[in-house]
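Hello,

Here is the structure I promised to pass on to you. My notes follow below it, and I hope they give you a handy start.

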Protein chains: 2
Amino acid sequence: MKSWLPIPASSHFSLSNLPFGIISTSTQVKQRPAVAVGDYVLDLSAFAHGAGFSKLAPDLQQKTDVFAQATLNGFAALGRPYHRAIRNYLQEVFREDTPYPEVLKTNNALRQAALVPLSKTQVHLPLAIGDYTDFFAGRNHAFNVGTLFRGPANALQPNYNHLPVAYHGRASSVVISGTPLRRPWGQALPAPGADTPVFRPSARLDMELELGMFVCRGNALGEPIPLHEAEDFIFGYVLMNDWSARDIQQWEYVPLGPFNAKNFGTTISGWVVLADALEPFRTEGLKNEVELHPYLRNKRTDNILDIQLEVSITTTKGNKTTVTKTSSKNLLWSWPQMLAHHTIAGCNLRPGDLFGSGTISGLDAGTHGSFLEQTQGGKVPIKLEGGGERKFVEDGDTITITGWAVGTDGEIVGFGDCVGQILAAFPTVHSQK
Amino acid sequence: MKSWLPIPASSHFSLSNLPFGIISTSTQVKQRPAVAVGDYVLDLSAFAHGAGFSKLAPDLQQKTDVFAQATLNGFAALGRPYHRAIRNYLQEVFREDTPYPEVLKTNNALRQAALVPLSKTQVHLPLAIGDYTDFFAGRNHAFNVGTLFRGPANALQPNYNHLPVAYHGRASSVVISGTPLRRPWGQALPAPGADTPVFRPSARLDMELELGMFVCRGNALGEPIPLHEAEDFIFGYVLMNDWSARDIQQWEYVPLGPFNAKNFGTTISGWVVLADALEPFRTEGLKNEVELHPYLRNKRTDNILDIQLEVSITTTKGNKTTVTKTSSKNLLWSWPQMLAHHTIAGCNLRPGDLFGSGTISGLDAGTHGSFLEQTQGGKVPIKLEGGGERKFVEDGDTITITGWAVGTDGEIVGFGDCVGQILAAFPTVHSQK
């Protein structure tokens, strides 16, 4: 799809993508919705104000007041047919042969008002997150980590293939890409077999490569979402780094699951790639040998997204090392299956809820989505470019996740980056006063 | 404290209490803040509008616009000194010998506008809940349940006495007292030792007696709350029923904790008893033999609240049986310890966050906060008044929790009731289409 706006061929934000986000600029600090297109963003608040939606069908035009909001929750709640209509309309506006050149292509005033260089924007959390749920759908990750702790014969827990295992995460500490996080303090056992914990900054701080999914539609409490309707509840996707303090987790997680090991921060990328933009990249996922209960049985077989994913670590000296190359097709459970399972007992979802996929890993070296796997539990360090090595993440290190898919036309549908730097632990150790 | 307003001696809402909530009425459906006093509520929106706060210090008066909001979040965020000042002022307004009779006592117009019979109000969720965290601070409960599964020698997990174990719960499905909930569907093992789950409405649906605590103040991400400052983050308390599907939980919880077994609904009482109203009922809790890390060491010893708690079950035939009588002093960890631990890794709290204490149980028969404990894992049924018995909660059953403390002056500081009825499971079993 060619555009009158120059879009570099290497851009993640091709016309086939048009991801949505929330921006501000130094000259206009108010947070507002935008779409990313090449090296620019279209400020949807300014675009709507400048009659940019005037060629849209009148009933759809009426609802564009959602672009005056400071989050995408209102837009998300309008549902997938609406997201599709707006994305299609914006593609038409930006096309080389746009049927509406007067809307933007030849409208210098509106181009001045609404087209902002991406480099001049600050990106904010795209939605107000009600609840955040983290799944464990990366079967290779579950297998790799289970093998480390229990050996390959007992790597997967008995329930693993029967249902998409998940836990509730912490919504307040989900942060936008670029937000630095402090190394967490916590209790941990000083050595295997010890029974008295020490209190220290985490000595095994890890990252986790995940995809995130935002929910656009709610269900009533007590009324499960059937699998065959679940696609309608998906707004779009982001990259996610579910930071994890392995030593804290190991001590605290029995019997109620991870808590402080995870809740100090979860980083997401800022541009939400709409579900429709990723439709061309559906594929089959890992095969599940188990006979599933009907509420989890897919009729379609192409339920998993094939997105290329990479993780790199950058030290304070500026040396950058790619540590992981993998694909999101390494998931056992599809997003519709996660939605169906999350609500089967009656739990209500709300627009803006965030799901994490769980760590995405291959089985081979260099395809693992966590340092825990890459280093075989901290035993085999990763060699860094320019010297040095890492067992886990050290103070000052920056972890960058990126992800993209390439369409049959060569256009890239990408997420940009999900970036987070780890700062030294909070300096004060709290004590009795 | 005698009032010019007749307050029954048996009322939970004495002048020593003055709990805050959100109400609406059939004639005014807008949700608004109120305090409960005897058989009435004072509509704080109408009271503010009618110059009810005119005798309050001017700097405090300015902030009473929070009572125009539809939740208590704004009021909570003003902090404990403000809550104390407002509660003290309202006590003065209602006192028999009020220094300001013209404000309400002799102001018939404002009494008409702002004093509403409790029986004519509908009570709503008091705060918009950001995140909900459920602790496991009831050591007797942990011991009782651990004994059922692993025997008394291994009843408590190794971490239990070292830190307040907790997990993140589901905020969206926290409901106000009186909201019926459907029995959850889910996967469960048909018998001990089975390895293939069945799919059915839960056959072991349980209640859990807890206290809830609302947070009034946030901390910055990465900056833990020191224990000696933690009291300032407590807004107040409610009763909580953390419904639990034991068969679903048993199958799903390894390794990431409870999920669908809990997220179908959590019921709370509507009137938030302010932290200050419960100050007279502080006592020592269960003794912890472990040497705690400094961040969890209390200087004070009277850190646990002594609130009398009762649970009853009412069948569809109207027979009511009291099944539990206990006290909230059966907690190992104090709320300040929970706050300090929740934030020690850097997690940020926000006004409106909700903590659950975990199930509160004694060690003896008739003092257990769950049916699981009362029936020794479903083996010894509870006998009901008027005939019949229960191992777990059946369709149509209503569980009522109540709680109160009695001051040295004989005045009751109580919570009212926390009520929930279980309806039959959602009728449609979802299948492939």
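In helix 4 of chain A, the buried residues are Arg80(A), Tyr82(A), His83(A), Ile86(A), Arg87(A), Tyr89(A), Leu90(A), Gln91(A), Val93(A) and Phe94(A). Please keep in mind that this is a predicted model. The helix itself covers residues 80-94, 15 residues in total. From first C-alpha to last it reaches 21 Å, close to the 21 Å expected at 1.5 Å a residue.

Now to the interface. On the chain B side, 70 residues are in contact with 70 residues of chain A. Between them the two chains bury about 6700 Å², with carbon and sulfur atoms giving 61% of that area. Three residues stand out here: His168(B), Leu256(B) and Phe259(B) supply 12% of the area that chain B buries against chain A, more than any other three residues.

As for polar links, 28 residue pairs are in polar contact between chain B and chain A, counting pairs with both residues at pLDDT 80 or more. Several elements of chain B each supply at least two residues of the side that touches chain A, among them strand 6 (132-135), strand 10 (185-188), helix 7 (246-252) and helix 8 (335-343). The largest share, three residues, comes from strand 7 of chain B. By type, the residues on this side of chain B divide into 34 nonpolar, 25 polar and eleven charged.

Finally, four salt bridges are found across the interface.

Best wishes

Methods. Residues numbered from 1 in each chain as written. Chains lettered and ligands numbered in written order. Predicted model: local features only at pLDDT ≥ 70, side-chain atom pairs only at ≥ 80, totals over all residues. Heavy atoms only, no water. Contact = heavy atoms within 4.5 Å. Buried area = accessible area lost by both parts, 1.4 Å probe. Salt bridge = Lys/Arg side-chain N within 4 Å of Asp/Glu carboxyl O. Polar contact = N/O pair within 3.5 Å; in protein donor to acceptor, adjacent residues only side chain to side chain. Helix = DSSP H or I, 4+ residues; strand = E, 2+ residues; numbered from the N terminus. Nonpolar A, V, L, I, M, F, W, Y, C, P; charged D, E, K, R; others polar. Expected span 1.5 Å × (residues − 1). Buried < 20%, exposed > 50% of the residue type's maximum accessible area, 1.4 Å probe, protein only.
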